[in-house]
Amino acid sequence: MWKDIRDREAGKLRPNSFANRVKSDRVSSLQLSNHKDIVSPHRGSVNSLQVDLTEGRYLLSGASDASAAVFDIQRASHSEGLIAKYQCLFAVDKQHEHGHKYAISSAIWYPIDTGLFVTGSYDHHINVWDTNTTQVVVNFKLPGKVYRTAMSSLATSHMLIAAGTEDVQVRLCDISSGAFSHTLSGHRDGVMSVEWSASSEWVLITGGCDGAIRFWDIRRAGCFRVLDQSQSQLGRRPPISGWTANKLSTSKSHLASQSSNMKSRILHKKLSNGNATKPSSTTGKLPAKGSTRQRLHPGLLSSQDRAVSHYGAVTGLKVTGDGMYLLSAGSDSRLKLWDVESGCNTLVNYETVRLHTNKPLQLATSQDSALVFAPCMANIKAFDMWTGKASLTLSGHYEAVNCCLYSFQDQELYTGGNDRQILVWSPSRDSTELWTRRIGNPVQTKITGATDCPLPQGRSVSTLMPSIKLCPPCT
Amino acid sequence: MIMEQDRGEGAKVRVLIEKATNSTDSEVHPRLLKAIKSVVRSSDSELRVAAQTLMDLMKRDHSQVRYLTLLVIDELFMRSKLFRSLVVENLDQLLTLSVGFRRDVPLPAPAAVASILRSKAIEFLEKWNDSFGIYHRQLRLGYDYLRNILRFKFPNIQANAARRQQERMKRERRSKEILLSKFEMLKGNFSSIKEEIQSTLDEIKECLDIVHSKEDSKAMIPLDDDITEDFRPSELRQIRLDALKEGEMVHENNDNKVIFDALREVYKLMSKHLVSIKEWISVLVRVDSTDTRFRDSALREFIDIRNSLCAVKKRCEESGCTFTESANHDDKDEDFWEEGPVGATENGDSVAYERKKEDVAMNGGTFTYERKNEDLVVAPTSNVIKNAGTETISEAHVGKAVQNGEVGSSDSAPSLRNKLLADAPVIEWGSFLNTWDSKMDILANQRGLELESHWGRVDYDATIPAEKIAELNVRASLYKEDQPEIQPCRAPLRKGGLCQRRDLRVCPFHGPIVPRDDEGRPFDTSSSLDETTPPDQEMGSVEKLVKQAVKNVRARDKEAVAKRERDKQALKRAKLAKIREHNEAVLRDAAVASTSRSSGLGECMETTGEMRGSAGKKKKTLASMLRKKTLTKDRISQRLLGIRSRDSTQRQLTLSQGANYGDAFPNQW
């Protein structure tokens, strides 16, 4: 730690990597937080957790008793001695006149702000709620139980809720019109998990109970890729090896994607924002291979169409922060890491023991995708993303865990389980205190001075918040 | 190296813990527990090993082991922070194994112990949560989970205590409120209460004054305070007042009666006032009002009032006492006593009262009480015996002791009393005691009932003179000879112990009875020997002869005894041991079935069996034993194989193989 600080002082260490080191230190010491208690208002298992994407402050939870609640995780409602209690700001449940009747399987924030949130339920409905009035503003009726809903955090041209249901078709619900804009068919069974790509606003990834993971470009018909577990590559991306190279490539690709996004936005404006189903081959994100496949068939080759990625249902999907990898969890108790670019299984062996099979899982990754948090029955395991080694086993729940959520801002993990609890896992006090004590010297001015260096990612400014919190003079 | 050492240390803890948990007791052996604690205290590594071992033991498939392990865990948990943090990490596992809340992991075999284990685990969890919950989220979680989700019933010790505390507080607050309201009420009508009491006081004083002015003219006997103080209970007082009334009615003329009536009324009122005043005072003492000034002043006034009330009451009672005195003086028949808890008898038969309370219920008028109290068992009760005898001065003195009659006049009561008690005759109690030492004539034809007799004229005034009564009452008593104690012989026996035979002069086995010490040696042998040694003493030679004779007799006896012993034993070994049980069973059956003779026979056998050890009865027992063997057999054979039953029995025996059996074992049944 001292060495890092000295290096930082000497300018040998980039501020970003310094911050990352601190953060990874903190992540590696996660443990059940004793001073942060979320008082769960739920009377059923907690199925979904999400922190809002704008402030990283409001935690939204959805539970089996058809209730959803919002917590302010930055400010405790009251404290009992050392223990800060976080009570929900509000909760909606069955008593609400437009509330869900059955379990809420998924609750997500509207990505742009915290004014709306979306809940999907087993009563076949998706509700869009106004946060401030806690009223339902839009309501979608779907043909089956809703397993998972997703909204793209990148989207600038559409406001679609992707809904995975019991039904074989994936539906995209348009909030602005209140109707289904797309019906994506291709799965042969219900769809348990839905995830938007982190690199392209038009790419949707769905995992079905038939074991297939499909990639959809919402601008054109059919899915353009089905992940096949037999197609594999060893390690990470073959041509590029090493950390720095990877880093560079990601930043490059990001830049590229950003520019492409800009382009496409302009394009869309030109097209007067019409329906985006028109295929556009100019999207830079789509790989060359993909385009060749697309040329073969508007859908896919039938042999490719049959490919499966898991034996059994795909219960969870998670795209890494840079959008280059996809993690999938299946009811075959496997966790798999896919290279989005090539569509290959990277053959990382995650040391999972057992995953539960009948419910959608919510996986989480730490920042810079070093760790994957996966619910393994009553425990949460943290795996090293690239080696698959389990580095942490967090046990505290008394029943199976359904969802994890990693807060990049505080390096905290939130988990919800069948025991109705929402637990907070935070870096151990000792290390925090140690760090605070150590950093309490003149060096810190230098560190903070370094933070105004231009940062490659816009969002990562806010990820430096903890270090600011740690040393008050920085503010 | 360190690892080795650790392992060595760890082994010790492990052995200790395994030993402690390997028992069937309901708790861990305290010494082992102490040992574990002391070992674990020595180092952290030991503690870690202990925690690991305990967790391993919890996985054992036996509830008893788990239970004991849990007890050890609790002991360490309450003491060590490190241990807590170690255990808490695996708390869900621990709870699974101890509470057994998971369907797929039930508690193991002994069901009774398992249920104890579960309840204990829940209790411990609650305790841990209360004490350390704020430091360990896991504890809170586990507690919450079991309580709110699985709905386990927790003993809720702390909450219950808190609730009780709260209830008590509430009660106290309520009583305080009541006090305060009372206080406020008092504040409101303090003056009226005061005036009322004052008026009552004035009235009673006036009445007393009037009464006293009359009494003074009569020059009454001074009052006795001691008596009045004995009459605490209100009913007693009431009775006394009644008496007072009666006395007054008889004594005084009608114009006085009005005053006394009024006095009585007012007296009643006053006693009521007294009670209420006491209540008010207690209220004032207990209340915590802000208005202390009023409280103090009111308290002061109330105390004054109470004092004056008490004074007046005393005066009243004194005067009342005066009246009773006068009443007794006037009319002997006036009699009042109360059988109350205080045990105060007035004018009652104290003997009867002491001995048999129900018999006290006699009409006091028919007798006059004048008796010596020598034969009284005077219990320290506050009996007050009032003597109504005309010739005696009524005196009831000296606290609890009862004095009476002629002896009562002396002041040196105790010593005299004791002296008299010492030579007083002890006689059985009877109704004649009513007229003990009475010098009165008794009306012969008065029975308390008006009977019309048609057998001629009856002289109702006929009396029986006192002498005659005394003659009639002469008690006959039987002479009872008190048994002189006959000393035991106490000669040492061969088998140890002393001869317990009691003869007046000479023991048939040990010669003349002489005083002996604890070992049975005569005290004065040496002296007697010294006496006997001089040959010229005739007495000595006689004694010597006697002794020689005794010795010879004893030697002979001993030989005979030894011989017979041998004989007897041989016989017994030969026959008895084999047959005895059988015979005895038969005997017992016979005894149960038949007369006392056979049972007596059985007893005799038993006693002789017992006495076999004592040399004194050896000859007899041996003989009886020998005789008895045939005798019992004969008798029983007579009884069982008698004239009537023999035929049938024999037929049966012959029918079966019983005949052979009988031939083979002629002694056996």
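Trainee: Leaving aside its neighbours within four places in sequence, which residues is Phe373(A) in contact with?

Mentor: Contact means heavy atoms within 4.5 Å. By that rule Phe373(A) is in contact with Val27(A), Leu30(A), Leu363(A), Ala364(A), Ser366(A), Ile380(A), Lys381(A), Ala382(A), Cys404(A), Tyr406(A) and Leu413(A). Before going on, note that this is a predicted model, in which local features need pLDDT of at least 70 and side-chain atom pairs count only at pLDDT 80 or more, while totals for chains, interfaces and linings use all residues. Residues are numbered from 1 along each chain as its sequence is written, chains are lettered from A and ligands numbered from 1 in the order in which they are written, and side-chain values use heavy atoms, with hydrogens and water left out.

Trainee: How do I read a nonpolar core, and which residues touch the most other members in the largest one?

Mentor: A nonpolar core is a set of buried Ala, Val, Leu, Ile, Met, Phe, Trp, Tyr and Cys residues joined through side-chain atoms within 4.5 Å. Buried means under 20% relative accessible area, exposed over 50%, and partly exposed in between, with a 1.4 Å probe and protein chains only. The largest core here has 69 residues, and Phe373(A), Leu413(A) and Phe83(B) touch the most other members. Another core, of 33 residues, lies apart from it, and includes Leu201(B), Val211(B), Leu263(B) and Ala298(B).

Trainee: How many helices and strands does each chain have?

Mentor: Helices (H or I, at least four residues) and strands (E, at least two) are DSSP runs, numbered from the N terminus. Chain A has nine helices and 31 strands. Chain B has 23 helices and four strands.

Trainee: How is a pair of packed helices described?

Mentor: Two packed helices are described by the angle between their axes and the distance between the axes. Axes are lines fitted to C-alpha atoms, for helices over the stretch in contact, and angles run from 0 to 180 degrees between N-to-C directions. In chain B, helix α3 (residues 44–58) packs on helix α4 (residues 63–77) at an angle of about 150°, with the axes 9 Å apart. That makes α3(B) roughly antiparallel to α4(B). Angles under 35 degrees count as roughly parallel, over 145 as roughly antiparallel, 65 to 115 as roughly perpendicular and the rest as oblique.

Trainee: Which residues meet where α3(B) packs on α4(B)?

Mentor: Leu54(B), Leu57(B) and Met58(B) come from α3(B), and they meet Val65(B), Arg66(B), Thr69(B), Leu70(B), Val72(B), Ile73(B) and Leu76(B) in α4(B). By class, this contact has eight nonpolar, one polar and one charged residues. Ala, Val, Leu, Ile, Met, Phe, Trp, Tyr, Cys and Pro count as nonpolar, Asp, Glu, Lys and Arg as charged, and the others, Gly among them, as polar.

Trainee: At what angle do α4(B) and α7(B) cross?

Mentor: The axes of α4(B) and helix α7 (residues 111–132) of chain B cross at roughly 15° and come within 9 Å. That makes α4(B) roughly parallel to α7(B). By class, the contact of α4(B) with α7(B) has 13 nonpolar, two polar and four charged residues.

Trainee: Is Ala51(B) buried or exposed?

Mentor: Ala51(B) is buried, with a relative accessible area of 9%. Ala51(B) sits in helix α3 of chain B. Not counting residues up to four places away in sequence, Ala51(B) touches Phe83(B) and Leu86(B).

Trainee: Where does Gln87(A) lie?

Mentor: Gln87(A) is in the loop between β7 (83–86) and β8 (88–92) of chain A. With a relative accessible area of 38%, Gln87(A) is partly exposed. Leaving aside neighbours within four places in sequence, Gln87(A) is in contact with Val39(A), Phe71(A), Ser77(A) and His78(A).

Trainee: What is phi of Gln411(A)?

Mentor: Phi of Gln411(A) is near 50°, a positive value in a residue other than glycine. Gln411(A) lies in the loop between β29 (401–407) and β30 (412–417) of chain A, and is buried, with a relative accessible area of 0%.
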